Every structure is written in C-alpha cells, then in structure tokens.
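Have the structure open and follow along, topic by topic.

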Amino acid sequence: RNYNAYLCREINKKSTDMLANCPSVLLIYTGGTIGMIENPETGALENFDFDHLLKHVPELKRFNYRISSYQFAPPLDSSDMEPLYWAKLVEIIYHNYDNFDGFVILHGTDTMAYTASALSFMLENLSKPVILTGSQLPIGTLRTDGKENLITAIEIAAAKNPDGTPIVPEVCIFFENHLMRGNRTTKINAENFNAFRSFNYPPLASVGIHIKYELNLIHKPDPAKALKPHYLFDTNVVILTLFPGIQESIVNSLLHVEGLKAVVLKTFGSGNAPQKPWFIRQLKEATERGIIIVNITQCSSGAVEMERYETGIHLLEAGVISGYDSTPECALTKLMFLLGHGLSNEEIRRKMNSCLVGEITKSVD
C-alpha cells in the first residue's frame, strides 16, 4: 500500500504557531453533489474538484482549526463507490490518524449510508470522529444545504470534552441538523434536505443555535486499544426482497447463483414470509449448502422478531438468522466484512447475531 500517495494540503493559511494547539481536521473529498457544477452546454451536473468547493465556502479559512484536505482524483459519483474505495478511505484515515483530531468525508448521498456502515466495521477501536456529510444541492447553488452541512460537520469532528477527548468518537452521518450513527442511518428522501433518517436509534446530536449532544447515546471507546484497520470484503452477497406472488423460479435462480455466500432477506413486518412449502424448502436447502441468510424487515422502523409468529419460527427452522433492527445497508456491509475475513459460517452467524459497534439493538434475554 502506497501511503505516500495520501499527502494532504493545508486549507487554513494561518501561521503554524497560531494553530499549534488548535483542533485539527482532515477533510476528505470523494465527490458527490456537494462538489458538482452544472455543465453550461447540457445542463447536467458533473463532478468538479475541491478548489471549486473551497471557492464557495471561504468560511473554512475562518475556522481557528488546522484544516487539511485530501481529494479523490478523479472525484467519484457515489453510485460508483464500492469496497475498493472504502479501503482507500480507511488507508487515508489510518495513515493520518495520529495527525488529526477528527475526519470529515464529503460523499455523495446515494451510497453514503453504505460507506458509513462499512467504515464502522473497518475502523476497529476507532476513538476519533469520522463524520460523513454531503448535500442535496451543489455547493455553488444559492440555496445549497452543503455549506451548513460541511461547516457543522467540521465543528463536530473537532469537538472535545473538557478532558480533551473527542465528544463523538465514532463513524457518523451529519445531515440537515442531525448527527446520526452511521451504521443506523439510511437515505429516505431524494429531494428534501432531510435526506437521512436513523429510525431505530436516536440522533447523537441535534443542531440549532447550539449543538446538543446526547452523551449517553454516544459510543465510549476503550482508550487502551489502538486503531485496527481492516481492508477485506467479500461481495458474494445479495438482497432478496419478498413480495406477494414471488415465484419459485426467481428464488431458486437467485439462491443458486454461482459463488453466492450470503443473502439479506427482506421480509414482511416483524420477519414474516410466505409459508409455501417450496419457499421454506429453498431456504433450508440454501442454508444446508452453507449460504448464510439474514432476516431483516422491509419496514423503515422496527425489528425482526422471528419467535413472535409461526411464519418466523418456520424461517428459524430453515436456518435463517435474525438481523434484528439492522438497516439493509448495515446488514449487507456487515456480511461482506465478515465473509471477507475468512471466518467460519458458525462464527459469521454468531457475529451477525452480536452487536459489534452499536449497529443493532438486542433485547435483554
């Protein structure tokens, strides 16, 4: 890995002495709407570069922080974001971990929740803020939401407790006045500024005149443990969304895709599925072949309770495991992460049923 490639440039031009004891933040620009510009000929939005963004946010230079930046070249549309680039983000953060108090990632909104979920697992023992943000309108647009999202994300990334420790030492998404745990967040709106929601876990902070942190909800890291980066993923996974009238031929074809190792099964309500003999048989045969099937609800809010109804019990008997209240983005990236590390099926199933970094809520047995 060529760590020398991850050289950062200073944004704030204040003297070194003036900034010596000030908070430091690394701003990582991956691309996305926040840095786009309109093509004058076609009217289409196209990725531009970080200088364009800086031009429209001169307030960055007014922060009494040491702010540096790293830019993906070329910038990525978030539709093209994939595990290769998640690993690149981890490398950048790990390489610069001791030099900054916090990190802000500018990212397209469409796959931001996938990236945030993945990073929460890849950055083991994280003890500094990693805040993802972006915008629904380009930064050069008059009514852009990008400027406020960016400025506030930087302030949160630099925020410290009285003892000097970071206030929010975890991977988060900040959008439209709310700071949310990254692996609990999903995109819910393609038009409005409140594009993201954390349905099954409260916001970690709300932003108005002041930033109100919910300290009891924020992860408390073990300061004795060093950051451990991970880079491995296995993408032989798929999401199967159930619907009334789903055909056996479709399910059979999907469960027999060559190389398939895991399925996120999006069921009805609290984890219910059709009770047709062929469906249960297909699932049972798949789990017996070693395919891991994780049950999550299609509902935006709530959790799978597989022991609640007879339909869920039949899924358990077929070898399907519960995903509790996991988001689809989190369930998928967690499976990819665990599969990538060569764990046994038994260990993967155990970890999928465990809360590793605050990604699921399990009721007390």
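One term first: a crossing of two helices is called right-handed if the near helix is turned clockwise from the far one by less than a right angle, and left-handed if anticlockwise. Keep in mind that this is a predicted model. The protein has 365 residues, and 52% of them count as buried. Its secondary structure comes to ten helices and 19 strands. Take the contacts between residues at least 6 apart in sequence: 74% of those join residues at least 24 apart.

**The nine-stranded sheet**

- Nine strands make up an open, mixed sheet, and the order to trace is β1-β5-β2-β6-β8-β9-β10-β13-β14.
- The edges belong to β1 (9–10) and β14 (211–213); each has a single partner strand, so one side of each has no neighbour in the sheet.
- Helix α3 (residues 83–95) lies across β2 (24–29), β5, β6 (102–106) and β8 (130–133), and its direction is at about 160° to β2.
- Helix α5 packs on this sheet too, touching β2, β5, β6, β8, β9 (171–175), β10 (178–181), β13 (205–207) and β14, with its direction at about 160° to that of β6.

- N149 sits in helix α5, which covers residues 146–158.
- Is N149 buried or exposed? Its relative accessibility is 3%, and the cut-off for buried is under 20%, so N149 counts as buried.
- A polar atom of the N149 side chain lies 3.3 Å from the backbone nitrogen of E176.
- Beyond its neighbours within four places in sequence, N149 is in contact with T133, G134, S135, F174, F175 and E176.
- N192 is in a loop, the one between β11 (186–187) and β12 (196–197).
- With a relative accessible area of 41%, N192 is partly exposed.
- N192 and Q136 are 56 residues apart along the chain, yet their C-alpha atoms are separated by 7.5 Å.

**The four-stranded sheet**

- The other open sheet to find has four strands in the order β16-β17-β18-β19, with parallel pairing.
- Its edge strands, β16 (237–241) and β19 (321–322), each pair on one side only.
- Inside it, β17 (residues 262–267) and β18 (residues 292–297) pair in the parallel sense over six bridges.
- Across that pairing, V263 stands opposite I293 in β18.
- Helix α10 lies across β18 and β19 and runs at about 15° to β18.

**Helices α9 and α10**

- Two packed helices are described by the angle between their axes and the distance between the axes.
- For α9 (residues 328–340) and α10 (residues 345–352), the angle is about 145° and the axes are 10 Å apart.
- Which way does α9 cross α10? The crossing is right-handed.
- On the α9 side the contact is made by A331, K334, L335, L338 and L339, which meet I348, K351 and M352 in α10.
- Sorted by type, the residues of this contact are six nonpolar, two charged and no polar.

How values were computed. Residues numbered from 1 in each chain as written. Predicted model: local features only at pLDDT ≥ 70, side-chain atom pairs only at ≥ 80, totals over all residues. Heavy atoms only, no water. Helix = DSSP H or I, 4+ residues; strand = E, 2+ residues; numbered from the N terminus. Buried < 20%, exposed > 50% of the residue type's maximum accessible area, 1.4 Å probe, protein only. Polar contact = N/O pair within 3.5 Å; in protein donor to acceptor, adjacent residues only side chain to side chain. Contact = heavy atoms within 4.5 Å. Pairing = 2+ DSSP bridges. Axes fitted to C-alpha atoms, helices over the stretch in contact; angles between N-to-C directions. Nonpolar A, V, L, I, M, F, W, Y, C, P; charged D, E, K, R; others polar.
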